[in-house]
Protein chains: 2
Amino acid sequence: MQLLKEKILKYGKVFPGDILKVDSFLNHQVDVRLLEEIGKEFFRLFADCGVNKILTIEASGIGIAGFTAKEFDCPMLFAKKTQTKNIANTVFTEKVMSYTHGKVYDIIVSKEFLLPTDRVLVIDDFLANGEAMRGLIGLVRQAGATLVGCGAVIEKGFQGGGDSLRKEGIRVESLAIIDEMTDDTLAFRK
Amino acid sequence: MQLLKEKILKYGKVFPGDILKVDSFLNHQVDVRLLEEIGKEFFRLFADCGVNKILTIEASGIGIAGFTAKEFDCPMLFAKKTQTKNIANTVFTEKVMSYTHGKVYDIIVSKEFLLPTDRVLVIDDFLANGEAMRGLIGLVRQAGATLVGCGAVIEKGFQGGGDSLRKEGIRVESLAIIDEMTDDTLAFRK
């Protein structure tokens, strides 16, 4: 997605530890016009797949998934990262390792909102090692729902999570795949 | 907002501890069509106020603020609840007491995204005792930005946070204000 790649090149900042900061337009301050275009692009890619639910994980995925759900005219469901008093006891749970935060956390969705009849598109802002995406896929499978595919805004190709999922036969569409990232270089996959 | 009130009456569930669960359409599974209407309603209310930034807090506020920002054609900024490796050190911080989770947490925004020239509309899903809203207002004030007003989707009027802010001269617009809530009754403010 050309507009996204231009934004990454113009505003993205590389930090030690393979961190790409895009917090000026994607996951802290958010360029909502870009989100709309991202939603349209995911719709273009998965338009003929019968998607009836968008699943993401809090927090940064929510805006992206919301504008994607708007295009599909279907509900958006966001997994929560810890069990709170406000969520039902009847939940699907997966454990996810966060390398950014250096800890394992639970992600949960209420069973009443993820059904065997659902055809789910999983959406997230980043796809790196694939841990969060695998957690979300796990929730879909626990529900007996159909996984249509996964959409990531930015894939860190050099971390391998996306290609690993593709090898398993899962359709993964990333709007920008970064195969090389140093202080000076940021190379997108062709 | 009539559509919202109908959704609350139809799908909202009251639990002990003054908890109103709206997780089938607002803060877990999300009715994106409703979010669009909410965004339009906030725009109608604050259209002539020169708003150039929407500020909210992760996670449930993000979708609502995103669709509101779409209407204003301005960026959305979401405060984060803890300091992560991915955020700059130069942040504004406020402490917020969460009665739902029974703890105090920090909320932060990067200083580079909240500026003295900004005219900010603060948006959140719930307004109860007003703690989260006050934290967000504190961030706006630390930045020297102009607070245009606050918009909440659902205000628990009986908890007093909204009226307390109004008494201080802050413009608070809630799309549904609940003044009474029991297992059997849910009464909206006229």
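Biologist: How much area do chain B and chain A bury between them?

Modeller: Keep in mind that this is a predicted model. The size of an interface is often given as the accessible area lost when the parts come together. Here 57% of that area lies on carbon and sulfur atoms. The area that chain B and chain A bury between them is about 3500 Å².

Biologist: Thanks! How many residues of chain B are in contact with chain A?

Modeller: Let's look at both sides of the interface. Chain A takes part with 42 residues. On the side of chain B, the residues divide into 12 charged, 12 polar and 18 nonpolar. The number of residues of chain B in contact with chain A is 42.

Biologist: Which element of chain B gives the most to the side that touches chain A?

Modeller: Several elements give two or more residues to that side, among them strand 2 (19-21), helix 2 (32-46) and strand 7 (103-110) of chain B. Helix 3 (61-72) is also one of them. With 6 residues, the element that gives the most is helix 3 of chain B.

Biologist: How many salt bridges does the rule find across the interface of chain B and chain A?

Modeller: The interface has 12 residue pairs in polar contact. For a salt bridge, take the side chains of Glu112(B) and Lys13(A): their N to O distance is 3.9 Å, and the cut-off is 4 Å, so the pair counts. Across the interface, the number of salt bridges found is 6.

Biologist: Which strands are the edge strands of the open sheet of 7 strands?

Modeller: The order is 3(A)-5(B)-4(B)-8(B)-9(B)-10(B)-11(B), with mixed pairing. At one end, strand 3 (residues 29-30) of chain A pairs with strand 5 of chain B in the antiparallel sense over 2 bridges, and Val30(A) stands opposite Met76(B) there.

Biologist: How many residues apart in sequence are the parts tied together by Asp179(A) and Arg189(A)?

Modeller: Their side chains meet in a salt bridge at 2.8 Å, N to O. Asp179(A) lies in strand 10 of chain A, while Arg189(A) is in the segment after strand 11 (186-188) of chain A. The parts tied together are therefore 10 residues apart in sequence.

Biologist: Which residues of chain A does a cis peptide bond join?

Modeller: The place to look is the loop between strand 4 (53-57) and helix 3 (61-72) of chain A, where Ala59(A) is found. In chain B, a cis peptide bond joins Glu58(B) and Ala59(B), with omega about -5 degrees. In chain A, omega is about 0 degrees, and the residues joined are Glu58(A) and Ala59(A).

Technical notes: Residues are numbered from 1 along each chain as its sequence is written. Chains are lettered from A and ligands numbered from 1 in the order in which they are written. This is a predicted model: local features need pLDDT of at least 70, side-chain atom pairs count only at pLDDT 80 or more; totals for chains, interfaces and linings use all residues. Side-chain values use heavy atoms; hydrogens and water are left out. Contact means heavy atoms within 4.5 Å. Buried area is the accessible area (1.4 Å probe) that two parts lose on being put together, summed over both. A polar contact is a pair of N or O atoms within 3.5 Å; within protein, one must be able to donate a hydrogen and the other to accept it, and residues adjacent in sequence count only if both atoms are side-chain atoms. Helices (H or I, at least four residues) and strands (E, at least two) are DSSP runs, numbered from the N terminus. Ala, Val, Leu, Ile, Met, Phe, Trp, Tyr, Cys and Pro count as nonpolar, Asp, Glu, Lys and Arg as charged, and the others, Gly among them, as polar. Two strands pair if DSSP finds at least two bridges between them.
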